[in-house]
Each structure stands twice: as C-alpha cells, then as structure tokens.
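Hi,

Here is the structure I promised to pass on. Have a look at it first, and then read my notes below.

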Amino acid sequence: MSDSTTLTLVGLMIALAAGLLGIFVVSRRMSLVADALSHVSLPGVSLALRFGFDPFFGALGVLIFAVLGIEGIQRRRPALRDTLVGVTFTAALAVGILIGTDEGLLESLFGSIEKMDRATALSAILGGLLILGLTAVNFQRFAKITFSSEIAASEGISVKRSNLLFLLLLALSVAIGLKTIGVLLMGALIILPAATARNLSRTLRSMTVVTLMVAAADVLLGFRVAEQFNLLPGPTVVVIGALIFLVSLLARPVEQHFHHAGH
Amino acid sequence: MADMNALLEVRNLSVRLNQADVIRDVSFSVEAGKTVAVIGPNGSGKTTLFRALLGILPYEGEIIWHRRARFGYVPQQLEFDRAFPLTVRELFLLKRPRAGFWLPSESVSALIQNALNHVGAEHLVNRRVGHLSGGELQRVLIATALFEKPDVLFFDEPTAGIDIGGEVTVYKLIEHLAEELKLTVFLISHDLAVVSRYVDQVLCINQRLLCSGAPEKVLTAEQLRALYGSEAAVYRHEHEEEEGRRGHHGQPL
C-alpha cells in the first residue's frame, strides 16, 4: 500500500470511529468531556517521549487512568463532574508541558504525516475497528441511556457499565488520533461531524448516516487540502470540519421551518 | 406477613443517598392486579421508593417479587437534550433490540401504530421526541412503557387533566389499561381525589411508612395531618366542598 493510501485509510478510520461516538457525546452534552480527554492524554505523550516508548500507549494509559478516576470520584460526588473535568483538563496540560521537552510533543499535539509508521497505522486501524464494532453492537443501549438513563435502568440495562464502556471507547478514539490528527484536535473531530449531522437530520438513524458521511468528507477533503498547500493534516481537517459545520447551521432554519409547516 | 396472593413483598426497606436516610424501615406487600398509590409530601422518598423497587438503586432490606415481573416505567421528569433527533417511532424501536432498529419490518410498524392508538397518539409517530409537548410526551411514554407487555407499571406523577382523546384523563386510561392488560400499577400522586377514586391501596410515605391500606381507611383527616402536617386537613375540607360545587378534580397539594 502506498503511503498516501495508508494515510487516507488511517484518517478515515479515526474520523469514522470518533464521529460515531460523537453522536452520543453531542446528544449527552459531553462536548467538554471529549475536549478534556484530548488534553488529558498530554502527560502520557510527554512521558512516552521522555522514556522512549510509543506515545500511543502513553496517551492511552493516562486516558484510561483519567476515565476511571473521573468515574470513581463522580460516583461519590456526582455534582463535581464539571469542576473535576475542568481541573483535570488544565492540570494535565500543565503537567504534560512541564514533563515534555522533546520536539515530538508538537507532532503529538497537532499531528503530522511524516510520522506515519507501520505501528501507528496498525494501532489506528485496529483501534478504529474496535470502536466501530463495539459502538455498533451497543448503539441502541447508548441511545436509550441518552434518552433516559432511568428508563434504561428500569429495563435492566447496567447504566454504569455502559457509561464506563462509552468513556473507554472515547479515550481510545483520542489515542488513535494521536499522531495523525493530534490529540489536542481530536476533541473537535469527535464533536464536529455529529454536530453538523444534527443540523441536517430529522431522525436518529439519518443523523447516524450523515455523521459518518460528514466525518469521511472532513478527513478526505482535509487531507487533500493539506497535501495541496503543504499544511499539517490535523488542523486542516478540523478547519474543514468547522466550515462544513457552519454551512450546516445555515441549513438548519430551513429544516425547522419545514418542521413547523408540517404540523 | 406471608400473603399467598402477594406479588410483591417489601421487608424493612431502607435507602441511603449521600449518607442520608431517604427511606427507613418500610415494609408492605402488594397483590397482583392492584393499583397502588404512593402519597407523601415533597422529598418524602416516593420516587426513591420507586427506584428501589425497579432495582435502579442499592438498598438494605428485602424486595421480593414472587413472580418474574417485567417493568414498565414512566418517570416524572425526563431531562434529555431536546435537540437529540430521536423520533417517536425510533423510541419504540429501541425497546425491541431484535426488531431491526435500522430497517424495521412492516409488522413492527403496525404494532407501534397500534400502541399509539391506545393512548390516542397515532399522529405523533414521526415527530421528534424532543419536540413533543408535556402531555404528548407523557402519552408516548405510557405507550412505550406498555409496548413490551409489562406486568407492573410504575408511573411517577401522571399529570392530571391531560386529555387523551376527548374526556379521558390519564388516570382513566391507566385504570382501563390496568384492567385490560391485568397490570399491577404503582403510581405516585399528589391528587388525593384521584387516589381515592382509582386505587385499591394507598401507601403513605414520609421517610417511614406512615399508613397503608384501602383509600377509604387511609385517607382520613387524622392520617393526612400526620403525613402532610396540619394544613392538609384544612386543605382536604376545602377540597371536598370544592369538588361538591364544581364536580371537578382538586388541585394537587
């Protein structure tokens, strides 16, 4: 496989996985959590660069630790979630910058094409497949909990376990985007396709299909533009995604108008 | 307290939330097919009792269902993102994992229409759940709660006065459904006129179980004063006069 085909495949995998999770992130108003998670991975990346192991595992380790920590404390003090996420977010960024001196840090933060080695490609593709598969299997469960965790629980769904799985998948999605998109930008790649699709869809099923299409379009267009103008792929993908989101905002009033007329 | 007909037996139930007792040492039993109202002032633990019975909350003591019971639950307040584009049809499809969420069959669509017909909401099938009014949402939630043929329906504060197809209030509907589907119904209500009219058994809760029994035995001025404080007795007096005059349900307490 040529380098550019591999890069495209990896980018697609990352975008589809992140985008699919984004449907629930956006609908559960967890955008801040997704953003925070992408910052939390920073100390892991710094540690990995310091001690010479793959930043993917450094980021993933810290992310899982953060998810379990936030879950644990939230269980005891539920009102704290917002504060907790905010504090972890900034503290992790600060710690990451203090530990990290290597120039590799910048690439982890904002992505790079040159760093695309075999291991990176493989971890992104396998990680992406795992996220897509587990999210597809749990899609209805996640949707039920998004609508009402109370009703879902009354039907025997283990809401805690399901939410933990969701957060772990979210952590994995940030980690696989590490070298290509950049951890700091993964929050945007999680949120943008779903937020765009929500403006264009009238059912959950159509939102899902549109989310995946927008995620794919963001990455394909972003990579093409980045290549053309010799830009970093991660920021380019995010800027393209944001532009598409803005266009979808213009489409929204039309849909709402249509909806009211349909009453 | 061994009751041969009991569907549910609760013994010494206590629930602690955030290190505080919300329910303490509550015991009662309920027969299958009965409609049971849980009454009590705000913050008295009614919803917590529901959530313990539904198995959502950890508790101490015993909750014994004598038959395998399938639950339907209509919570009091749903806090969901109104922009979540779930439609009424999709809400039903989520209830049936095997019905094919992505490509539902004709027969499931017919079942959904039928379920909505029961509550006079067939026109809402393609509407987004986030765009429904309070009354519409309540009808849809009743229909979805009944969709998987539950044995026990839990209903947290049905809104009195919501018309479901003309004159039929939500309570009439519940009474009708309970009879037709042989449901055991638990409802939380502030509307004592409704309670005395439609239910077989009343549980008065204020952290502890203060009374339990048939409404005509339980809903006495003395019991209500013990439950709600002194104002309740005055309230009930006015309420009876008002009802005589206007032939209308009283305002919720």
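Helix α8 (residues 221-228) of chain B lies across β3, β8 and β9 of that chain, at about 155° to β9(B). Some conventions: helices (H or I, at least four residues) and strands (E, at least two) are DSSP runs numbered from the N terminus, contact means heavy atoms within 4.5 Å, and angles run from 0 to 180 degrees between N-to-C directions of axes fitted to C-alpha atoms, for helices over the stretch in contact.

This is a predicted model, where local features need pLDDT of at least 70, side-chain atom pairs count only at pLDDT 80 or more, and totals for chains, interfaces and linings use all residues. Residues are numbered from 1 along each chain as its sequence is written, chains are lettered from A and ligands numbered from 1 in the order written, and side-chain values use heavy atoms, leaving out hydrogens and water.

Back to chain B: its six-strand open sheet is mixed and runs β5-β6-β7-β3-β8-β9, where pairing takes at least two DSSP bridges.

β5(B) pairs with β6 (residues 152-156) of chain B in the parallel sense, over four bridges, and F71(B) stands opposite V152(B) in β6(B).

Another helix, α1 (residues 46-53) of chain B, lies across β3 (35-39), β5, β6, β7 (184-188) and β8 (201-206) of chain B, at about 150° to β7(B).

Over in chain A, F57(A) belongs to helix α4 (residues 55-76).

Cheers
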